Amino acid sequence: MNSDNDLQIAGDILEVPHLLQPPREHPATVAEFVGLARSIAADRSQWAHLVRYDATTRWYHRLRTGPGYEVWLLSWVPGQGSGLHGHGRSSGVLTLLEGTLTERTERATRALTAGAQRVFAPGYVHEVVNDTLEPAVSLHVYHPGLTEMPMHASPHCEARPVTA
């Protein structure tokens, strides 16, 4: 079953150092993958010089790999989108680094601005599009590494109102 309910946590566990376990060389939990994405996002020197914009197709670059995961950097010029798709058996963390992207699912439409993160499990289907007039940059962590991206055809993701 596909669910895009958000998990609400009081506060940010990543800002309470005494509650964190010693850092591992490679992430193994959802929280650690979210933390990895946040740490990369916060350090522009790891990614800003790599970003390219391509008017003909979405640009992407594999930024990092580890045991069972991949980190991808993507750029989106105005009008570019992913199409409605899933991620096969991979879970993921999408982090917006710059600009604004719109994420559409069967249940909701969300505007994602810089710093926003979306965590999803296998079976999650969405479309991501840059429907603004400015370019955007996003970071994607997949576990296991992305081996398939099945495309879906469904007009019901087009006309949902934006929700918080």
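## Histidine site

In this predicted model, His85 sits in the loop that runs between β2 (69-76) and β3 (91-98). His85 has a relative accessible area of 4% and is therefore buried, the cut-off being under 20%. The His85 side chain reaches the backbone oxygen of Gly83 at 2.8 Å.

His87 also lies in the loop between β2 and β3, and with 3% relative accessibility His87 is buried as well. The side chains of His87 and His85 are joined by a polar contact of 3.2 Å. An unreviewed UniProt entry lists His85, His87 and His126 under "binding site". These residues are spread over 42 residues of sequence, yet they cluster in space, with a largest C-alpha distance of 9.4 Å.

## Hairpin of β1 and β2

Strand β1 (residues 59-66) pairs with β2 in the antiparallel sense, over seven bridges. Within this pairing, Arg64 stands opposite Val71 in β2. The two strands, β1 and β2, form a hairpin with two residues between them. In the turn, Gly68 has a positive phi of about 85 degrees.

## Nonpolar cores

The largest nonpolar core has 16 residues, of which Trp47, Val71, Leu73 and Leu139 touch the most other members. At least two residues of this core come from each of α1 (30-42), β2, β3 and β8 (136-143). The largest share is that of α1, with five residues. Another core, of twelve residues, lies apart from it and includes Trp72, Trp76, Leu101 and Leu112. In soluble globular proteins, nonpolar side chains tend to be buried together.

Which residues does Leu73 touch, not counting residues up to four places away in sequence? Among them are Trp47, Leu50, Val51, Trp59, Tyr60 and His61. Leu73 also touches Leu97, Val137, Ser138 and Leu139. Two of the residues named for the largest core, Val71 and Leu73, fall within the range given for β2 (69-76).

## Salt bridges

A search of the whole structure finds six salt bridges. One of them joins Arg44 and Glu98, whose closest N and O atoms are 2.7 Å apart. Arg44 belongs to the loop between α1 and β1 and Glu98 to strand β3, so this pair ties together parts that are 54 residues apart in sequence. Both ends are partly exposed: Arg44 has a relative accessible area of 44%, and Glu98 has 24%.

How do the side chains of Arg110 and Glu103 meet? They form a salt bridge at 3.9 Å, N to O, which is within the 4 Å limit for such a pair. Arg110 is buried at 10% relative accessibility, and Glu103 is buried with a relative accessible area of 0%. Glu103, Arg110 and Arg118 are linked in a network of salt bridges.

The side chains of Arg104 and Asp131 also meet in a salt bridge, at 3.4 Å from N to O. Arg104 lies in strand β4 (residues 100-104) and Asp131 in the loop between β7 (127-129) and β8, so the pair ties together parts that are 27 residues apart in sequence. Here one end is buried, Arg104 at 14% relative accessibility, whereas Asp131 is partly exposed, with a relative accessible area of 45%.

Definitions and conventions. Residues numbered from 1 in each chain as written. Predicted model: local features only at pLDDT ≥ 70, side-chain atom pairs only at ≥ 80, totals over all residues. Heavy atoms only, no water. UniProt positions renumbered as here; feature names shortened; annotations may be inferred. Helix = DSSP H or I, 4+ residues; strand = E, 2+ residues; numbered from the N terminus. Buried < 20%, exposed > 50% of the residue type's maximum accessible area, 1.4 Å probe, protein only. Polar contact = N/O pair within 3.5 Å; in protein donor to acceptor, adjacent residues only side chain to side chain. Core = buried A, V, L, I, M, F, W, Y, C linked by side-chain atoms within 4.5 Å. Contact = heavy atoms within 4.5 Å. Pairing = 2+ DSSP bridges.
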